Number of protein chains: 2
Amino acid sequence: MRAGILTVGTELLVGHVVNTNATYLTAALNELGFDVYFHLVVGDNRMRIREALSFLEERAELIVLTGGLGPTDDDLTRDAVAEHLGLGLKEDEVWLAKIEARKGSRGQTPLPREGRQALLLEGATPFPNEVGLALGMAVRARGRTYVLLPGPPGELVPMFERHVAPYLREAFPGGRPLVSRYLRFLGLEEGALFARIEDLVRKQGDPTIAPYTEEGEVILRLATRAATPEEAQEKLAPLERAVLERLGPYYYGEGKETTVARVLLDELVSRGATLVTAESCTGGELASRFVSEAGASKVYLGGFIPYATDRKAAWLGLSPRKLAEEGAVSAWSAVELARAARRLGGSTYGLSTTCAAGPAPADGKPVGTAYVGLSAPEGDRAYALRLCGSRGHIRVRLAKLALFFLLKAVRGEDGDPELLSNSLRQG
Amino acid sequence: MRAGILTVGTELLVGHVVNTNATYLTAALNELGFDVYFHLVVGDNRMRIREALSFLEERAELIVLTGGLGPTDDDLTRDAVAEHLGLGLKEDEVWLAKIEARKGSRGQTPLPREGRQALLLEGATPFPNEVGLALGMAVRARGRTYVLLPGPPGELVPMFERHVAPYLREAFPGGRPLVSRYLRFLGLEEGALFARIEDLVRKQGDPTIAPYTEEGEVILRLATRAATPEEAQEKLAPLERAVLERLGPYYYGEGKETTVARVLLDELVSRGATLVTAESCTGGELASRFVSEAGASKVYLGGFIPYATDRKAAWLGLSPRKLAEEGAVSAWSAVELARAARRLGGSTYGLSTTCAAGPAPADGKPVGTAYVGLSAPEGDRAYALRLCGSRGHIRVRLAKLALFFLLKAVRGEDGDPELLSNSLRQG
């Protein structure tokens, strides 16, 4: 089952909008059993929409279009498809009433052009829009299925999940869904990590294994097609075991959307533990990643950002003499910050960061020199790291690594000698 | 001058990589005077690369391909183009020596397959890669120009800027570059902002005006084609004036890449002022946005994240009795936090946030209730806001709005009654 995606919108061709819809739809169609071989993007232009349709029709049984269903003169997708397939358009009365009701509830009357959003292709199945006013639809013609969806991701995603996916499951019953597992790793530079699994990647068949990176972490996507989730699991398990045998110390969790902050938060909640942070160069990035997870208040009491060196002394009580001797970017400073955070905060754990994030060296240390400090009931510790990249990269990576090291410590997995030695040369 | 973009890479067709290269290239080609009418994405498949080339060749004089130039068996772009155009491939000796030298400097010998990255199409102009090992190139054939670029954005962007743009300027001298100005706004809900300029958008000709949004801010892109920057400026100026007459109080700066944190940092540096923050619900997001700008240490002394209510009392001295009466999410709390930050930090300004970010109400306040507190030499103030969206949206928007309100206060522009009244119903 082959699918093609056609994204319509001039905003994509002037260079300030990224085509996230195509990415979302590709993954969603894969999960329904489709192979997606082509993406096309065209502007709001009737002729070019038709040219793209002609190209895709020869190469796919399912063509999914997004964008160009709004009320303005630039919204041409419906008309272009109607013309291309020789189908009429008529208003869906139920949806027209809905548009009027929605506008009415805000004390407005729909403008005449807003009624265009209720136009349906002859013979099409309508898909209600639970967020916006444009009706989605699917129509079968020329032995193909054409699905028309609104462009705003906030409208497209719920419409796909609630209406389009069930429709396609019924219309294309033979599909063997692609089932994926996303194994997530931190604490090992990506080149070194890839090298350890290169043979698995090179000799892959079914299941497939694809490594990619996301803000300094490495994600391995294991995927296979199977009729049932159980069958998929059975096929994926041996490969997953092989990967974890080689990379276990760096593994932190599974899931397409999960984060190290989420995994750590759940771990701390389950143990009834609390956390206070003290950040220098990450300047709130670490705390913010933790707090961005719902339920953070069960664990996170608060934090300090003693950014200027003298505030490390004034706020957290670090010795000015030792600060001058050891430097603000030092293992000593990291440990003292974590210890002070824990003491002042009255928490189970204290976690700190200090680094030279660039662009210029800080405290006489070259850009990329970084330390994580950890204070725990079992004792205190610093991790020395060497990070590469821009100021932004260094700050984000260090924040994530700090969360990772705390997770490993909480789980009692931080004794792994390899993890400790590798932690000294983080990429 | 028409250009088409072909992105090659199976990773784009399995739904976990977003096609940012196409977005970057489109904007860069627009600036060189090209119209980009089509984007195509195909996997690492020789036949489909050729099908896509055939489609684009009929519709563009310039075809830019990215991806598939690496050393592995999956990297097929060079071979597919060679086959398609009937051109030979041979090693570029200079580049091959460079690959050997680079590997040698790390104590490694290049693997045989790494030499593939020095292969050049017959008659092509090579583009050195200053980051990675794959050579880029341009070749003219069939009355078209084909440009092949590496897939990693970190390699593609510098190669384009240093080598491809100058090449295209010379090869296509007739272009009238697209010149854009990006006007950035905060502090007014996007629907209300669009409504004020709807007529300008609807009756636009040359220059064009396109509104878009980015993490709660609105950006208006004014663009025109012109032979010289001066001519462009002359054409853009009247439209810019018309926009700013209507939206002046919400304007904070101009630029494609600028941020409210950057503008505020520059403003505070120029005044020799310093800042300390106290964040509750934003939990470091505000500080991190500020610290992410190079040079933040000139202004930013540090901050507090008194996340749990009792830490607001313990760390920042807020009265426990008043906290119980007024609530942690209140104008009173925001002002007291900002005041305490300024006092404890010894800074010119203190800036604070407190809100119910969700998913559940906080402190008896519905999700979206938010306050910014500001303490300045001229006095203290709170801004009451009502924010929509997810927990993540609310936190990011509040952090940006806090920076915006401080910027307006520092510039003495916060007296605008409209700004103040609108600030009470932020979207």
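Predicted model: local features only at pLDDT ≥ 70, side-chain atom pairs only at ≥ 80, totals over all residues.
User: Is Thr66(A) buried or exposed?
Analyst: Let's look at the surroundings before the number. Leaving aside residues up to four places away in sequence, Thr66(A) touches Leu6(A), Thr7(A), Val8(A), Asn21(A), Leu25(A), Leu149(A), Pro150(A) and Leu156(A). The relative accessibility of Thr66(A) is 1%. Buried means under 20%, so Thr66(A) counts as buried.

User: Which residue of β15(B) is the bridge partner of Ala278(B)?
Analyst: Start from the pairing of the strands. Strand β13 of chain B, residues 275-279, runs parallel to β15(B), and 5 bridges join them. Within β15(B), the partner of Ala278(B) is Ser352(B).

User: What area is buried between chain B and chain A?
Analyst: The contact draws 65 residues from chain B and 63 residues from chain A. Carbon and sulfur atoms give 58% of the buried area. The area itself is about 5100 Å².

User: Which residue of chain B meets Arg59(A) in a salt bridge?
Analyst: Between chain B and chain A the count is 2 salt bridges. One of them brings a side chain of chain B to Arg59(A), at 2.5 Å from N to O. That residue is Glu51(B).

User: Which strand gives the largest share of the side of chain B that touches chain A?
Analyst: Polar contacts across this interface come to 26 residue pairs, both partners at pLDDT 80 or more. On the side of chain B, the largest share is 7 residues, from the strand spanning residues 35-42. By class, that side has 32 nonpolar, 19 polar and 14 charged residues. The strand you asked for is β2 of chain B.

User: Which residue of β14(B) stands opposite Phe304(A)?
Analyst: Strand β14 of chain A and strand β14 of chain B, residues 300-305 in each, run antiparallel and are joined by 3 bridges. The residue opposite Phe304(A) is Phe304(B).

User: How many residues apart are Glu326(A) and Lys322(A)?
Analyst: Their side chains meet in a salt bridge at 3.4 Å, N to O. Glu326(A) is partly exposed at 33% relative accessibility, and Lys322(A) is partly exposed at 23%. Both lie in helix α11 of chain A, about one turn of the helix apart, and the separation is 4 residues.

User: How far apart in sequence are the parts that the pair Glu214(B) and Arg184(B) ties together?
Analyst: The closest N and O atoms of this salt bridge are 3.1 Å apart. Glu214(B) lies in β10 of chain B and Arg184(B) in β9 of chain B, so the pair links separate strands. Glu214(B) is partly exposed at 35%, whereas Arg184(B) is buried at 2%. The parts tied together are 30 residues apart.

User: What is the omega of the peptide bond that joins Gly358(A) and Pro359(A)?
Analyst: Most peptide bonds are trans. The bond between Gly358(A) and Pro359(A) is cis, and Pro359(A) lies in the loop between β15 and β16 of chain A. Its omega is about 5 degrees.

User: What is the phi of Asp363(B)?
Analyst: Most residues other than glycine have a negative phi. Asp363(B), in the loop between β15 and β16 of chain B, has a positive value instead. Asp363(B) is partly exposed at 40% relative accessible area and forms a salt bridge with Lys365(B). Its phi is near 60 degrees.

Definitions and conventions. Residues numbered from 1 in each chain as written. Chains lettered and ligands numbered in written order. Heavy atoms only, no water. Pairing = 2+ DSSP bridges. Helix = DSSP H or I, 4+ residues; strand = E, 2+ residues; numbered from the N terminus. Contact = heavy atoms within 4.5 Å. Buried area = accessible area lost by both parts, 1.4 Å probe. Salt bridge = Lys/Arg side-chain N within 4 Å of Asp/Glu carboxyl O. Polar contact = N/O pair within 3.5 Å; in protein donor to acceptor, adjacent residues only side chain to side chain. Nonpolar A, V, L, I, M, F, W, Y, C, P; charged D, E, K, R; others polar. Buried < 20%, exposed > 50% of the residue type's maximum accessible area, 1.4 Å probe, protein only.
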